[in-house]
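Dear colleague,

Please find the structure below, together with its sequence. My notes on it follow directly after.

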Amino acid sequence: MSKNNKTAITPTREENYAEWYQQVIKAADMAENSEVRGCMVIKPWGYAIWENIQRALDKMFRETGHRNAYFPIFIPKSFFEKEAEHIEGFAKECAIVTHSKLEADGKGGLQLAGELTEPYIVRPTSETIIGASFAKWVNSYRDLPLLINQWANIVRWEMRTRLFLRTTEFLWQEGHTVHETEKEAKEETLKMLNVYAIFARDYLALPVIQGEKTESEKFPGAVTTYCIEAMMQDRKALQSGTSHFLGQNFAKASEIKFQNRKGEIEYAWTTSWGVSTRLIGAIIMAHSDDNGLVLPPKIAPSHIAIIPIYRDAQEQKQVMAFAENVQNQLKDLYLDDVPLYTELDTRDMTSSERNWYWIKKGIPLRLEIGPRDIIHDAVMLARRDKEPQDKQSVKISDLTNYVLQTLVEMQQGYYQRALAFKDKWTMEIDDKEEFYRFFTPKNIEQPEIHGGFASSHWCGKSSCEEKIKEDLKVTIRCIPFNTKEETGNCICCGKPSTRRVIFAKAY
């Protein structure tokens, strides 16, 4: 950190939130833009967060009966054409393969050759290609339910990209299930949405609102789409997971049929659900500060940075031996089901430089060890959720318990802080003028952080939804599950309404 700056990251969140976000990623060395326009390189620290997301979710999926499989990245164009609403929703985002090879053009370059008889779509989502397999796998009610998950990459052309939040290629998981009855499929859809909400709470320390998408916001081809919505520190919403009840739409398109218990042939009921590397963007924007990345301990790539401090070779030998013993003491520890990892930082840098390196990377705990600490058989412990200079001397005999208790406290503290922020900026608004003021920045040219979640009445008409979107760039994020029936007036047209919905600006 420069001596002239009060914070490690410039600009700050208040000064320019969008640029702050990019600088946090850069300072933490998480990812960078690729030479391929719109794509990103996820670097080890950022990818380790994704691996932790995979590990935790995969365990939850397995506990709910799902198993992993893998399907082709290429999908025949004809597969998409079977489901008209689906293809219409993705048509403008599709990357298309039309040729199978390259040939020398005789001028020192290459030209396309081997035109395909049918173009392939590079996977924007997998309902159609997975449906083709399901049609072969499902023959009887005895084959159901079929519960499959896939970890994969996805390609959707994006005009405006932002690391982790919106890129042309990204990583995700997509669950796809087949059921005997409509009731079972609907239960599955809601069950998996709740899995996402629990994961967001317990691992990402992210409070979310569960709800249903409106007709205009639902997944193309779905009967119903459910979502979890989180509030970022700029008070915008981030859709953090979706679960879709597909009815029999995709079953009919893919011919997923089975013999029921009466011996009759009928179409199955299907679902799909997914989260992506966008969750890493959510972690950054919900928790980080003006000194860099902040990571809830249960999702951090490493948890403890050990920073030896010495002045000469004799002190180095003494301090390093002590530091290695501390590292061994902290091996094989677990925070619930998460193994704890340490980083012994021996780089040729000042202790201040190493401290700030780990602060910006968001590591939860930093342990400083110098000759004076060895005399007291202790370490100096610093927490990422405290001021950088705030340090506590901890005896080696107490260190293991202190570390575990502190990490639990930090995990819970990050959640409570995010929850208090969401609650503070979630407002019940019934007056149209107040609603418009809430979502209008005072500085139009350089908008300051403003808005939040507005819980307001909506009459149910898409025309009102579109009007608000056109005027304010505000959308209905969801119809919350916990919304009680109450009489009111639509925030747009003033006509009678029986429910509140969540309006917000969103990523």
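The cover over the buried residues of helix H1 includes strand S1 (31–33) and helix H8. The model is a predicted one, and what follows should be read accordingly.

The buried residues of H1 are Tyr-17, Trp-20, Tyr-21, Val-24 and Ile-25. Viewed down the helix axis, these buried residues of H1 lie within an arc of 135°, so they line one face of the helix. In general, an α-helix has 3.6 residues a turn, so residues three or four places apart point the same way. After H1 comes Asp-29, which has a positive phi, near 55°.

The largest nonpolar core holds 59 residues, of which Met-30, Phe-164, Phe-199 and Met-232 touch the most other members. At least two residues of this core come from each of the following elements: helix H1 (17–27), strand S2 (40–42), helix H2 (44–63), helix H6 (182–202), strand S10 (224–231), strand S14 (269–276), helix H8 (278–287) and strand S15 (304–308). H2 gives the largest share of this core, with eight residues. Apart from this core lies another, of 26 residues, which includes Leu-333, Ile-374, Leu-381 and Leu-407.

Leaving aside residues up to four places away in sequence, Met-30 touches Ile-25, Val-41, Ile-42, Lys-43, Trp-45, Gly-46, Ile-49, Phe-164, Ile-280, Ile-284 and Leu-293. One of these contacts, Phe-164, is also listed with Met-30 among the core residues that touch the most other members, while another, Ile-25, is one of the buried residues of H1.

Two further sites may be of interest to you.

Pro-76 is located in strand S4 (residues 74–76). Its relative accessibility is 14%, and because buried means under 20%, Pro-76 counts as buried. With residues up to four places away in sequence left out, Pro-76 is in contact with Glu-118, Pro-119, Tyr-120 and Ile-129. Between Pro-76 and Gln-150 there are 74 residues in sequence and 19 Å in space, taken from C-alpha to C-alpha.

Leu-112 belongs to strand S6 (residues 110–122). Its relative accessible area is 57%; because exposed means over 50%, Leu-112 is classed as exposed. Together with Leu-102 and Leu-110, Leu-112 makes a nonpolar surface patch of about 340 Å².

With kind regards

Notes
Residues numbered from 1 in each chain as written. Predicted model: local features only at pLDDT ≥ 70, side-chain atom pairs only at ≥ 80, totals over all residues. Heavy atoms only, no water. Helix = DSSP H or I, 4+ residues; strand = E, 2+ residues; numbered from the N terminus. Buried < 20%, exposed > 50% of the residue type's maximum accessible area, 1.4 Å probe, protein only. Contact = heavy atoms within 4.5 Å. Patch = residues over 30% accessible without salt bridge, like charges linked within 9 Å, V, L, I, M, F, W, Y side chains within 5 Å. Areas by Shrake-Rupley, 256 points an atom, 1.4 Å probe, with all protein chains shown as cover. Salt bridge = Lys/Arg side-chain N within 4 Å of Asp/Glu carboxyl O. Core = buried A, V, L, I, M, F, W, Y, C linked by side-chain atoms within 4.5 Å. Arc of directions from axis to C-beta.
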